[in-house]
Amino acid sequence: MAAARQGAGRWRALPLARGLKMAAASRSGPPAGEVEAVAAAWMLEFACCCLCRRFGDGCAAEFQRWSDVAHALINGLSKIPTHQKKAVYLCQLLIRIAKGKKLECHFENDKRISPLESALSFWTLLEREEVELEKLHKDIHQLIQIQIVAVYMENGYFKEASEVLERLFTDSESDKPLRMKLATVIKSKDPYVPLLQSFSYNVLISKIKSYIELFMKENETNFLLQAATKQVESQGLGATALQSTTVNADENDKENLEAKQRLMKEQHSITDQSPGDVRNPTVRPRSGGKLRGRTVLQSLNSLQNMEKHGNALASIRKRQRWTYKEDLKLKSGVKEFGVGNWAKILVYGDFNNRTSVMLKDRWRTLCKIQQG
């Protein structure tokens with residue numbers, strides 16, 4: 001009898017166990033994989049938006065940080081969902097455009113493919129996803145093609161420029177005019193011809209930013225951005241305090257930058273004097289001249305204190321030979337600002353460890369080489 005009661009108890013327990021399992025399954029929700037996929041999609045869209053913003057701001061450090069995030073998320077995709085193709089292609093495009101002038105960077109297994117040539121392949125994929133922006137698509141496509149050639153020429157790689165021309169263009173009649181123009185430019189071996197100046201890298205960046213603005217308007221409904229916005233708005237005072245701190249930090253940085261620029265101008269005003277001016281200073285009867293001279297010397301001392309490695313840089317400058325690329329930058333700067341505006345050319349060309357006096361001396365040397 002006891003055994004019979006135990007058996008009956010087990011039979012009654014079976015429906016209860018099944019019910020508990022079903023209840024647990026209903027509480028556990030959808031499979032974890034599906035939930036993770038949705039969350040990953042939100043994160044990728046958010047990373048793409050942040051990447052676009054940092055590209056537009058020109059903040060290199062933040063752009064690199066979000067590039068790493070986007071790259072990790074994209075690599076985690078076994079297959080690109082249809083609704084995320086634009087975001088993935090745009091991230092890959094921006095990462096390559098940002099490295100466009102660095103030929104030592106490689107994104108493809110074929111080391112001949114430059115960053116811009118790799119970017120062109122993703123731009124072509126983006127073009128296929130849209131049809132309403134045909135004019136902007138064409139402009140950016142041609143600008144990338146032109147800059148692929150221009151970057152090789154700026155670095156003195158004329159043979160590589162000719163080779164890439166064969167890869168970039170087909171034999172179609174629509175490609176023929178631009179291909180012939182670029183072939184002529186390569187033969188001239190002058191990277192500062194009007195065609196390359198008119199369709200410069202800066203123009204390409206500007207067009208990409210225009211495209212980004214349109215993309216951002218289409219993706220204003222990103223879930224994570226909306227959730228974060230609500231969270232910040234709900235905090236109120238915390239957000240205001242953060243904004244105030246950011247503004248104060250920006251103002252301090254601006255004041256430091258302006259002070260340094262003033263000191264640089266004062267230094268250039270002295271270093272640009274001829275040797276005769278230094279040996280034969282003009283004597284002024286008023287004491288104001290001494291005061292101004294003392295002020296300039298103090299400013300120069302302050303500037304030297306601001307530069308932590310001034311002496312080390314000076315020794316590097318003495319030994320550093322002029323490269324072909326630097327000569328091209330110098331020639332471009334002279335064309336842009338004219339002979340004598342060395343301080344402007346120094347900033348324009350973004351020379352590494354050079355001074356305005358060094359630019360002036362190098363220009364004289366180039367003129368002698370050309371005349372001889």
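Colleague: Why is Lys159 called exposed?

Modeller: The model is a predicted one. Lys159 has a relative accessible area of 61%, and the term exposed is used over 50%; Lys159 is therefore called exposed. Lys159 belongs to helix H7, residues 158-168. Its C-alpha lies 8.7 Å from that of Ile186, a residue 27 places away in sequence.

Colleague: What makes Gln226 partly exposed?

Modeller: Its relative accessibility is 37%. Buried would require a value under 20% and exposed a value over 50%, so Gln226 falls in between and counts as partly exposed. Gln226 is part of helix H11, residues 223-235. When neighbours within four places in sequence are set aside, Gln226 is in contact with Glu220 and Thr221.

Colleague: How much of the chain is buried?

Modeller: Of the 372 residues in the chain, 31% are buried. The chain has 18 helices and zero strands. Among contacts between residues at least 6 apart in sequence, 65% join residues at least 24 apart.

Colleague: How is the packing of two helices described in general?

Modeller: Two packed helices are described by the angle between their axes and by the distance between those axes.

Colleague: Why are H17 and H18 called roughly perpendicular?

Modeller: Helix H17 (residues 342-349) and helix H18 (residues 356-371) pack at an angle of about 100 degrees. The range for roughly perpendicular is 65 to 115 degrees, and the pair is therefore given that description. Their axes are 8 Å apart.

Colleague: Which residues form the contact between H17 and H18?

Modeller: On the side of H17 these are Trp342, Ala343, Ile345 and Leu346, and they meet Ser356, Leu359, Lys360 and Trp363 of H18. By class, six of the contact residues are nonpolar, one is polar and one is charged.

Colleague: What makes H16 roughly perpendicular to H18?

Modeller: The axes of H16 and H18 cross at roughly 95 degrees and come within 11 Å. Since the range for the term is 65 to 115 degrees, H16 is therefore roughly perpendicular to H18. The contact is formed by Asp327, Leu330, Lys331 and Val334 in H16 with Leu359, Arg362, Trp363 and Leu366 in H18. It comprises five nonpolar, no polar and three charged residues.

Colleague: How many cavities of 30 Å³ or more are counted?

Modeller: The count comes to one. The largest cavity has a volume of about 30 Å³. Its lining is made up of Lys86, Glu130, Leu133, Tyr211, Leu214, Phe215 and Glu218.

Colleague: What classes do the residues lining the largest cavity fall into?

Modeller: Four are nonpolar, none is polar and three are charged.

Colleague: What is the volume of the second largest pocket, and which residues lie nearest its centre?

Modeller: The second largest pocket has a volume of about 790 Å³. It is lined by 26 residues, and Lys101, Glu154, Tyr192, Lys329 and Tyr348 lie nearest its centre. Two or more lining residues come from each of helix H6 (134-154), H9, H10, helix H16 (324-337) and H17. H16 gives the most, with five residues. The lining divides into nine nonpolar, nine polar and eight charged residues.

Colleague: What is the phi of Lys189, and where does this residue lie?

Modeller: Lys189 has a positive phi of about 55 degrees although it is not a glycine. Lys189 lies in the loop between helix H8 (176-188) and helix H9 (194-198).

Note on methods
Residues are numbered from 1 along each chain as its sequence is written. This is a predicted model: local features need pLDDT of at least 70, side-chain atom pairs count only at pLDDT 80 or more; totals for chains, interfaces and linings use all residues. Side-chain values use heavy atoms; hydrogens and water are left out. Axes are lines fitted to C-alpha atoms, for helices over the stretch in contact, and angles run from 0 to 180 degrees between N-to-C directions. Helices (H or I, at least four residues) and strands (E, at least two) are DSSP runs, numbered from the N terminus. Angles under 35 degrees count as roughly parallel, over 145 as roughly antiparallel, 65 to 115 as roughly perpendicular and the rest as oblique. Contact means heavy atoms within 4.5 Å. Ala, Val, Leu, Ile, Met, Phe, Trp, Tyr, Cys and Pro count as nonpolar, Asp, Glu, Lys and Arg as charged, and the others, Gly among them, as polar. On a 1 Å grid over the protein atoms alone, a cavity is a set of points where a 1.4 Å probe fits but cannot get out, and a pocket is an open set with protein on both sides within 12 Å along at least five of seven lines; lining residues have an atom within 4 Å of a point. Grid points are joined across faces, edges and corners, and a volume is the space filled by probe spheres set on the points. Buried means under 20% relative accessible area, exposed over 50%, partly exposed in between (1.4 Å probe, protein chains only).
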